[in-house]
Amino acid sequence: MYIIVDDRESVANSYIAGLVREGVSSIGFSSGEFWDWLQSASEADLEAVDAFLLGDVDARGSLPRAVRKRSSAPIIALSGLKMLKNTLELFEAGVDDVVHVPIHLREILARTAAIARRRMGDSPRPCETRIQVFFNGRDPEIGGHALTLPRRELRILEYMVGNHGKWITKTQIFNAVYGIFEAAYDESVIESHVSKLRKKLRDRLGFDAIVARRYVGYRLDIPVSETIDEPIGELQDVGILLNRPHASPAAYTAGG
């Protein structure tokens with residue numbers, strides 16, 4: 001889930017709509033509402049956040065350090081000023097990246113994945129595993145071949161890849177896919193999504209990559225296989241490896 005902080009409701013809603021088209025849940029806050037939410041949010045809610053996008057808010061200089069006290073999720077500043085002084089000030093305030101608008105939402109998703117990858121330190125090349133996800137809306141690849149998935153199944157796979165080898169609950173998956181403010185769906189919908197995804201992975205891999213255990217949850221467990229000699233792609237092709245751990249209203253309408 002992405003959190004957009006911007007005092008311009010129309011701008012926040014525009015980002016939310018774009019993220020929805022990419023299959024990513026999100027919600028927008030004005031700066032005042034975000035301060036209130038940040039202080040009261042539970043640890044489980046904060047763990048569901050993929051990134052914070054800071055738009056045009058007066059408190060942008062102090063928000064990053066406040067966020068970092070409670071969450072390790074990437075903080076990306078959205079800036080309309082292409083000025084070195086402004087960019088340096090944002091980095092000094094504690095953001096992880098600065099992007100200049102307008103920008104395609106897929107680039108923001110890719111930058112988020114790149115930040116997480118850097119935090120993991122030195123990593124093998126993405127092509128060294130049997131399955132690769134890109135965290136930017138692109139279809140995942142298994143054995144070098146694309147696997148087309150509905151957007152929610154793709155989001156579940158991305159979340160499981162980010163937590164490869166760990167047990168994750170149905171609630172955690174629901175929050176990552178539908179967002180922590182979604183009330184139109186019940187958590188039981190996750191069981192159907194996971195079942196369909198599990199079958200598709202089994203058909204491609206020849207074994208059950210998703211392990212399910214009652215009262216515990218789900219775990220993705222795919223062993224590293226032989227290296228596939230392929231070149232590393234550009235920024236939009238950033239992937240996170242399965243054999244490394246993931247470096248882990250007016251609130252506006254949330255996306256699905």
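Mentor: On a 1 Å grid over the protein atoms alone, a cavity is a set of points where a 1.4 Å probe fits but cannot get out, and lining residues have an atom within 4 Å of a point. Grid points are joined across faces, edges and corners, and a volume is the space filled by probe spheres set on the points. This is a predicted model, in which local features need pLDDT of at least 70 and side-chain atom pairs pLDDT 80 or more, while totals for chains, interfaces and linings use all residues. Residues are numbered from 1 along each chain as its sequence is written, and side-chain values use heavy atoms, without hydrogens and water.

Trainee: What volume does the second largest cavity have, and which residues line it?

Mentor: The volume is about 40 Å³, and the lining consists of A44, E47, A48, Y159, Q172, N175 and A176. Helix α8 (170-178) is one of the contributors and gives the most, three residues. Helices here are DSSP runs of H or I with at least four residues.

Trainee: Why are α8 and α9 called roughly perpendicular?

Mentor: Their axes, lines fitted to C-alpha atoms over the stretch in contact, with angles from 0 to 180 degrees between N-to-C directions, come within 10 Å and cross at roughly 85°. Angles of 65 to 115 degrees count as roughly perpendicular, and α8 and α9 are therefore described in that way.

Trainee: Which residues of α8 and α9 meet?

Mentor: With contact meaning heavy atoms within 4.5 Å, K170, I173, F174 and Y178 in α8 meet V189, I190, E191 and H193 in α9.

How values were computed. On a 1 Å grid over the protein atoms alone, a cavity is a set of points where a 1.4 Å probe fits but cannot get out, and a pocket is an open set with protein on both sides within 12 Å along at least five of seven lines; lining residues have an atom within 4 Å of a point. Helices (H or I, at least four residues) and strands (E, at least two) are DSSP runs, numbered from the N terminus. Angles under 35 degrees count as roughly parallel, over 145 as roughly antiparallel, 65 to 115 as roughly perpendicular and the rest as oblique.
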